[in-house]
Amino acid sequence: MTRSALDEHLRRNGVSRRRFLQFCAATAATLGLPLDAVPALAAAISAARRPSVIWLSFQECTGCTESLTRSHNPTLESLILEHVSLDYHHTLMAASGTAAEGARAAAEAESAGDYLLLADGSVPLKDGGIYSTIAGRTNLEMLQEAAKGAAAVIAIGSCAAYGGVPGAVPNPTGAVPIARIVKDKPVVNVPGCPPIPTVITGVLAHYLMFGAVPELDGLGRPLAYYSDTIHDRCYRRPFYDQGKFADSFDDEGARSGWCLFKLGCKGPTTHNACATTRWNDGASFPIQSGHGCLGCSEPGFWDAGSFYAPLSAPIHLDPAVTLSVAAAGAAAGAAMAIANRRRKAAARQVHQPAAVADLEKPL
Amino acid sequence: MSAMQFLVWVRGPGLQWSVAILIAGVLLRMFEILSLGRRPDLSEPRTATRGSGWRTVVMRSIPPASVFRTAPALFILGYLFHLGLLASVALFVPHLELLRRILGLAWPGLPSPLVDAAALVALVALLMVLVYRLRDPVRRRLSTVEDYLVWALTFVPLATGYCAFHHLLLPYTAMLAVHILSVELLLAAVPFTKLSHAYTLLLARWYAGAIAARKGVVT
Amino acid sequence: MSASFERGVDLLREVMDAPTAAYLSSCMSCGLCAHACLFYTETGDPKYTPIRKLEPLKRLWRQEFTLFGRLARLAGLARPLADADFARWSELVYDSCTLCGRCSMVCPVGNDIAAMIRKIREGLAIAGHAPKGLVDATRRTIEQGSPMGIKPPAFLKVVQHQRDDSGAEIPVDRAGSDYLVVMSSMEIVGSPEYLGALAKIFRQAGLTWTVSSTAYEATNSGIQIGVSDLAKQIVSRIVDAAETLGVKFVVSPECGHAYSALRWEGPNLIGRPYKFRVVHVLELIDELRRAGKLRTKGTFDEPVALHDPCQIVRRGGVVEQPGTLLKAVASKIRETEDQGMLNWCCCGGGGVSANHGAEALRIRVFTKKKSQIEKAGVAHLVTPCGNCRNVIEEALDHYGMKVEVHGLTELVGDHLDEGDAS
């Protein structure tokens, strides 16, 4: 099949050159590229052939796909997506069954070594990985096979990046992140539950321009989007610094837009672009809408305590444990009490009334 | 272990064990002390009512002017540190959220910038106290490894808390986790070091006051 | 480890109690106690820091009465006490502590350090590490009746002299009297006018009283040296005499620790309450004065300052009476710095004056009192304690200070208004 250049694709869909360049400038900005990189980015994207993209979905809720595709109008994001040759995607592709699997196999063969592997959902490992299978094959097998010919892997959403909901305690399926399975290819984690659409397209755009994955942090996340915490960029930060907190969701403080720390906001420990890029074309983000950040782009956020308990609150203080350890302390104390009294009594027992002669220095 | 996993651990099992050890240790020490008992005093008390030690528990915190003058730096720095620490711990809203969940008690906090200032005062006072301890011949002679260890156990939570609030030193998640861990180490050490004075001084002052008041000496 | 060292450790185990454990658990090593102790302030030597004098006691408490201390000892991480520790600490516990209790007043966590020194002496003494002078004084008290070796005949002679000098009756062994008067050796030898003054006071007040030929020694060397068994023996003489004579009150003399020994420690030493009450001579005189049974006329008109004896005021609870009585008989009283409860020790209490090895140190640290007296600008000092008086006179002599020391009861006796005396 012919793969037209992206700029031709955009032009055919009524996107003017001017608007395209604006998009490149915005993307460059979010990627942290300098202004003079914009023409290069535009040229790269324009000339980009439609790379093959294979999207594998494992133990996921499809929220990541929804986030990407749920747009108000045809957006540039969706156009980009249309541009890449999305050769395999459970939700979006028309084919199903053996035809679908056949398309995947063909794409993997044709673009061996070049295609981008996108994955959402976590991979179950317990009991040989039988808890999630597609076409009779475990997710593990499918991932390992697909990763062989991929140029790079992008783990989309917190499930793929860190294990997500399936990986939360007690993790009955033995769910693991993509990066735990794929060790020999570059893996980019794009966490979030779901991630912000522009973050995905930004990562893709970077790959299209540079042919390489962007700079990543210690958890495999693109620094361009995940280096700051929500707290660092939150517009309500002055209230945190002053100590003005909302106590409940509809009190005076909440209505005044005060900090949501007490209501469980995990902004301080959450790295994402929500506070700057925001959602729905920059319309808003959870805090702006009056709800604390859930911390959904951090590993293990489901097990990091209640969404409505502040960061300073304990995660499950079990009175039973406290009481039993305290009882052990009391028991030790009681034992010492007996020992102490015994020792004193023993000393009293051997007490011989002192005589003056006893006070002379022994020879 | 990632910074996030570390944070979840210190907010979870770390806190659980440190609080449990604190309570267990306090109970142990109280048994150790009280089990030694006190022989009943068979002398005739001077005051009509049995001597009360509660006055001393409170009043020993206020030194007479002549005593204050013998070591003004010690008193001033001691108060600045203790009050600053108290404000940082018990009047900072995020801490109050924690205390509310542990103790079931709530009280209003101070605006964060004031707590910030109090913490800074406490930190500076604590540093100066260390300098004095190293330079003053009496304290230098008295001090053991425990004294310096206890100083560090007290300093680190204050310093790391300050850094966390101001996003200094380490990335926030790690800084917060280190801060919480340092608090947990401090709590666990309380019953087994001179930090136990936090509660045994009530006993000590009470006994001293009661014994003296019985003789007619108000101290 | 000799048998007596083990006895010493056993004594320390016996005296360990909840207050002591609370004190040792609370010490913050702040060093404030040093600033309250004239053995530190006048020498600048940090080894005299009061709480440091208790190091062996603290180690024993930790190692034997705390769980982790015991575990540390089992694991070989804690060095057990040895006789050498007692030997090294003898100087600190006996030579450089008068049990004045100033440290106990200032400790921010409320530690009664003086009370613990009293306890640690129990261990050191029975282990043979009390100073020779104090041991000798104790022997004389036990064997002869007084630390200065005053036997009953000598005492009765003094009684006779005072009878003659004062012209007032001094009954001996009179059963059924209301008051039994006991004295300190220091008074018997150095200022017997005390007895004469009392005789006149009792006469004016119309009270029945007596002295005892078997129990005239109020001082208690057992308390000073820290051997409760001997202290019990010594105080029992007074208790037996008082209860045999059936008196209502025993009057404790102008002696610091005698009051503490008799009033506060005595019943605990003998294991039961007294069948009589103890009153300090100043308490008695003040009561009589307020009831109008004692009248004074005239005053001593030279500028005087009061030295508050530690064991009477701060450790005894007879706080107001010294000042009140002095005001009645002196017209120009100069307040010293730290007057009253925080007064500085004469340096000779707590057995230090009987301890010849401590003499040089005692004289040296007198500089604190010296400066107090000089700042008050007086040539006369009044104090209701015979030992304080003696110690201060010696030190004043050493420093070439022209200051006269008077007893308070004696001063009151000098100004007794006997206008309508019988």
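**Entry 1: chain C, overall**

I note at the outset that the model is predicted. I began with the contacts inside chain C. Taking those between residues at least 6 apart in sequence, I found that 81% join residues at least 24 apart. Next I looked up burial: 59% of the 422 residues in chain C are buried.

I then checked the overall dimensions. The C-alpha trace of chain C spans about 80 × 50 × 35 Å along its principal axes. What radius of gyration does chain C have, against a compact globule of 422 residues? Chain C has 22 Å, and this agrees with the globule value, which would be near 22 Å.

For secondary structure I wrote down 22 helices and seven strands in chain C.

**Entry 2: the sheet in chain C**

I traced an open sheet of four strands in chain C. The order is β2-β1-β3-β4, and the pairing is parallel. Which strands stand at the edges? They are β2 (209–210) and β4 (277–280) of chain C. Each has a single partner strand, so one side of each is left without a neighbour in the sheet.

I followed one pairing through. Strand β1 (residues 179–181) of chain C pairs with strand β3 (residues 249–252) of chain C over three bridges, in the parallel sense. Within this, Leu180(C) has Val250(C) of β3(C) as its bridge partner.

I also looked for a helix on the sheet. α16(C) packs there and touches β3 and β4 of chain C. The direction of α16(C) makes about 155° with that of β3(C).

**Entry 3: chain C against chain B**

I turned to the contact between chains C and B. It takes 48 residues from chain C and 48 residues from chain B. On the chain C side, the elements that each supply at least two residues are α2 (18–26), α3 (32–36), α6 (67–74), α8 (102–106) and α16 (256–270).

By class, I listed 26 nonpolar, 13 polar and nine charged residues on the side of chain C that touches chain B.

I stayed with α2(C). Is it mostly covered or mostly uncovered? It is mostly covered, with eight of its nine residues buried. I wrote out the buried ones in α2(C): Pro19(C), Thr20(C), Ala21(C), Ala22(C), Tyr23(C), Leu24(C), Ser25(C) and Ser26(C). The cover over these residues draws on both chains. It includes α1 and α10 (197–215) of chain B, along with α5 (55–65) and α9 (113–126) of chain C.

**Entry 4: chain B against chain A**

I looked up the other contact of chain B. Here 36 residues of chain B are in contact with 38 residues of chain A. On the chain B side, α1 (3–34), α5 (93–103), α6 and α9 (172–189) each supply at least two residues. α1(B) gives the most, with 19 residues. I noted that α1 of chain B is also among the elements covering the buried residues of α2(C). The side of chain B that touches chain A divides into 22 nonpolar, ten polar and four charged residues.

**Entry 5: domains of chain B**

The domain assignment divides chain B into domain 1 (66–141) and domain 2 (144–213). Their centres, over C-alpha atoms, are separated by 10 Å. Their contact takes ten residues from domain 1 and nine residues from domain 2 of chain B. On the domain 1 side, α4 (72–90) and α6 (112–135) of chain B give two or more residues. α6(B) gives the most there, with eight residues. I classed that side of domain 1 of chain B as seven nonpolar, one polar and two charged residues.

**Entry 6: domains of chain A**

For chain A the assignment gives domain 1 (49–225) and domain 2 (228–338). Their C-alpha centres lie 30 Å apart. I found 14 residues of domain 1 of chain A in contact with twelve residues of domain 2 of chain A. The elements of domain 1 giving two or more residues are α8 (157–162) and α10 (197–210) of chain A. That side of domain 1 of chain A has ten nonpolar, three polar and one charged residues.

Terms used
Residues numbered from 1 in each chain as written. Chains lettered and ligands numbered in written order. Predicted model: local features only at pLDDT ≥ 70, side-chain atom pairs only at ≥ 80, totals over all residues. Contact = placed C-beta atoms within 7 Å. Nonpolar A, V, L, I, M, F, W, Y, C, P; charged D, E, K, R; others polar. Domains from an automatic or database assignment. Buried ≥ 20, exposed ≤ 12 C-beta atoms within 10 Å, placed from the backbone. Rg over C-alpha atoms; globule rule 2.2 N^0.38 Å. Pairing = 2+ DSSP bridges. Axes fitted to C-alpha atoms, helices over the stretch in contact; angles between N-to-C directions.
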